[in-house]
Amino acid sequence: MSIQVLLIFLLNILTQHYGFCDSYEIRVGIATDVQRFQVGSDGKEKLIIKTSKNKIKTITIKKPVTVSYVKQGKIKLLEEIYYLPVKFTSEEGKIQVNNRIYPGEIEVILSTKGVTIVNIIDIERYLYGVVPYEISQNWTDEMLEVQSIIARTYALLNLNRHQGEGFDLCAEVHCQVYKGYSKTIHTRVKKAVDSTEGLVVVDEDTNKLVQTYYHAACGGGTENVIDVWSGGLEKKHLIGVNCNFCDSSPYRSWRYEISQSKFVKLLAENNIFVGKTVKKIKVLKTTKKGRAKEVEVVGDTSSAVLRGEDLRRMIGYNNLRSTKIKNIEVNKESIVFYGKGWGHGVGLCQWGANYLAQKGYKFDTIIKHYYPHTRIYKIH
Ligand SMILES: [Zn+2]
Ligand SMILES: [Zn+2]
């Protein structure tokens with residue numbers, strides 16, 4: 001057993017026993033399998049390079065420079081060759097990569113088709129680059145605090161998602177959208193992250209982190225997780241709760257029209273063949289809150305039954321905004337869906353939560369409403 005393996009083993013035992021540690025440094029994959037990228041120091045002109053042999057070299061650059069991948073685990077920067085992994089940092093603790101500014105350190109590691117760029121960063125500073133992209137700028141301070149807490153919980157619970165690729169979380173929707181420091185950090189976002197530092201959502205009995213799924217607007221009641229996702233496990237904090245609070249959302253009701261030919265093509269791409277045109281679409285089963293669980297598509301030659309969530313994935317999450325489908329019109333040339341809300345409907349409804357915040361409810365009350373059987377816990 002190497003020293004590294006032993007240390008990880010001991011750290012695992014410690015964190016299993018006590019649950020949490022004092023601070024969390026996370027690795028966010030900001031680009032994978034790239035052949036070249038631009039790196040610059042932000043502010044001062046000194047770029048600090050830490051090589052794999054723990055040598056530190058400082059170079060002066062006037063503007064960002066190109067780093068290119070050279071075969072056999074090496075990169076080239078200003079005619080000089082470095083063996084991977086290589087870390088970049090600056091005196092100011094900020095690094096520019098491909099026109100974005102990242103706090104902390106940037107590590108470049110070897111990947112299957114080139115290099116992967118990883119931002120090593122403290123969880124709190126990571127949230128500065130996450131919260132602005134998951135919310136509407138006009139929301140209340142209390143809602144920004146709610147969002148900081150659930151984004152922190154979500155990140156910590158999903159740290160092993162990209163283990164095999166050399167980082168914890170990606171910077172895309174798959175994990176959570178992260179864009180580093182925006183040129184001007186939103187002071188309200190910073191305040192919300194700072195004032196909730198270390199706060200996470202845990203199971204009220206076991207103190208374990210819980211999955212804090214969220215969506216834009218439920219359209220009148222959230223869902224039980226097992227009713228929405230196949231293979232979803234029953235979770236007492238992910239059960240449907242009342243929400244009459246998201247009526248002010250722009251997604252209160254929506255309409256989406258798709259041409260017959262495009263819809264039939266989408267079906268075919270998903271190995272569903274019902275003929276040349278669709279004659280009727282019927283919602284066969286709904287959840288208690290009225291989301292389509294099963295849908296039957298009747299075509300001119302045959303019919304097919306598919307899950308509501310699969311229909312949504314097929315048409316596109318931003319097109320068929322939810323499976324809370326109120327009406328489906330099948331015309332000669334097109335199909336029109338009418339529905340309510342935006343998102344899967346599991347966990348916290350952001351528009352509803354913001355409404356409760358406007359009414360003066362505090363973040364813990366709001367979080368407990370959408371995630372029953374939980375409490376807020378301070379991990380560091
Ligand atoms: Zn991911
Ligand atoms: Zn709602």
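Asn271 lies in the loop between helix α6 (260–269) and strand β17 (278–286) of this predicted model. Helices here are DSSP runs of H or I with at least four residues, strands are runs of E with at least two, and both are numbered from the N terminus. Residues are numbered from 1 along each chain as its sequence is written, while chains are lettered from A and ligands numbered from 1 in the order in which they are written. Because the model is predicted, local features need pLDDT of at least 70, side-chain atom pairs count only at pLDDT 80 or more, and totals for chains, interfaces and linings use all residues.

Asn271 has a positive phi of about 60°, although it is not a glycine. It is exposed, because 7 other C-beta atoms lie within 10 Å. Asn99 is exposed, with 8 other C-beta atoms within 10 Å. Most residues other than glycine have a negative phi, and most peptide bonds are trans. A cis bond joins Leu84 and Pro85, with omega about 0°. Pro85 sits in the loop between β7 (80–83) and β8 (86–90).

Strand β21 spans residues 334–339. Its covered face holds Ile335, Phe337 and Gly339. Its uncovered face holds Ser334, Val336 and Tyr338. Strand β16 (residues 254–259) runs antiparallel to β21 and is joined to it by six bridges. Strand β20 (residues 325–330) is also antiparallel to β21, with five bridges. Two strands pair if DSSP finds at least two bridges between them. Ile335 is the bridge partner of Ile258 and also of Val330. β20 and β21 form a hairpin, with three residues between them.

Ser253 is found in the loop between α5 (225–228) and β16. This residue counts as partly exposed, with 15 C-beta neighbours inside 10 Å. Ser253 and Tyr126 are 127 residues apart along the chain, and their C-alpha atoms are separated by 34 Å.

Helix α3 (residues 141–157) has 17 residues. From its first C-alpha to its last, α3 reaches 25 Å, close to the expected 24 Å. The expected span is 1.5 Å times one less than the number of residues. Of the 17 residues of α3, 14 are buried, so the helix is largely enclosed by the rest of the structure.

The protein chain is divided into domain 1 (23–122), domain 2 (198–248 + 344–378) and domain 3 (254–339). These bounds come from an automatic or database domain assignment. The centres of domains 2 and 3, taken over C-alpha atoms, are separated by 28 Å. Nine residues of domain 2 are in contact with nine residues of domain 3. Contact means that the C-beta atoms of two residues, placed from the backbone, lie within 7 Å.

The mean pLDDT of the protein chain is 90, and 92% of its residues reach 70 or more. This score is the predictor's confidence in each residue, from 0 to 100. Over residues 1–18 the pLDDT is below 50. Beyond near neighbours in sequence, that stretch has two contacts in the model. Where pLDDT is low, the predicted coordinates should not be read in detail.

Key. A residue is buried if 20 or more other C-beta atoms lie within 10 Å of its own, exposed if 12 or fewer, and partly exposed in between; C-beta atoms are placed from the backbone.
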